[in-house]
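Please look over the sequence and the model before reading on.

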Amino acid sequence: MSDSVNHPAHYTGGDIECIDAIKAACGEHYEGYLQGNAMKYLWRYRLKGRPYEDLQKAAWYVARLAEEVKGE
């Protein structure tokens with residue numbers, strides 16, 4: 001069963017998840033990417049018909065950002 005919040009099947013190509021490729025490509029700007037995605041999901045969570053799922057996705061990006069900051 002696909003986990004549409006934590007590991008969407010459509011975000012994995014081969015052995016690497018899209019988020020890991022984005023981290024490698026963004027370098028020092030990765031935290032901004034995470035913050036922007038959290039904001040995006042918070043901004044539109046009532047507009048797409050799946051508010052709970054979008055709030056979970058926002059929380060996922062915030063948690064990932066917290067891990068990045070913690071690791072500094």
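This is a predicted model: local features need pLDDT of at least 70, side-chain atom pairs count only at pLDDT 80 or more; totals for chains, interfaces and linings use all residues.

## Overall architecture

Residues are numbered from 1 along each chain as its sequence is written, and side-chain values use heavy atoms, with hydrogens and water left out.

The C-alpha trace of the protein chain spans about 35 × 25 × 15 Å along its principal axes. Of its 72 residues, 24% count as buried; buried means under 20% relative accessible area, exposed over 50%, and partly exposed in between (1.4 Å probe, protein chains only). Where contacts in the protein chain join residues at least 6 apart in sequence, 49% are between residues at least 24 apart, a contact being heavy atoms within 4.5 Å.

## Packing of H1 and H3

Helix H1 (residues 18-26) and helix H3 (residues 51-70) have axes that come within 14 Å and cross at roughly 45 degrees. That angle makes H1 oblique to H3. Axes are lines fitted to C-alpha atoms, for helices over the stretch in contact, and angles run from 0 to 180 degrees between N-to-C directions. Angles under 35 degrees count as roughly parallel, over 145 as roughly antiparallel, 65 to 115 as roughly perpendicular and the rest as oblique.

On the H1 side, the contact is made by Ile19, Asp20 and Lys23, and on the H3 side by Trp60, Tyr61, Arg64 and Glu68. By class, this contact of H1 with H3 has 3 nonpolar, no polar and 4 charged residues. Ala, Val, Leu, Ile, Met, Phe, Trp, Tyr, Cys and Pro count as nonpolar, Asp, Glu, Lys and Arg as charged, and the others, Gly among them, as polar.

Asp20, found in helix H1, is partly exposed, with a relative accessible area of 35%. Its C-alpha atom is separated by 16 Å from that of Gln35, 15 residues apart along the chain.

## Cysteines

The structure holds 0 disulfides, a disulfide being a pair of cysteine sulfur atoms within 2.5 Å. The sulfur of Cys18 has its closest cysteine sulfur in Cys26, 9.9 Å away, which is too far for a bond. Cys18 is partly exposed, with a relative accessible area of 33%; Cys26 is also partly exposed, at 23%.

How values were computed:
Helices (H or I, at least four residues) and strands (E, at least two) are DSSP runs, numbered from the N terminus.
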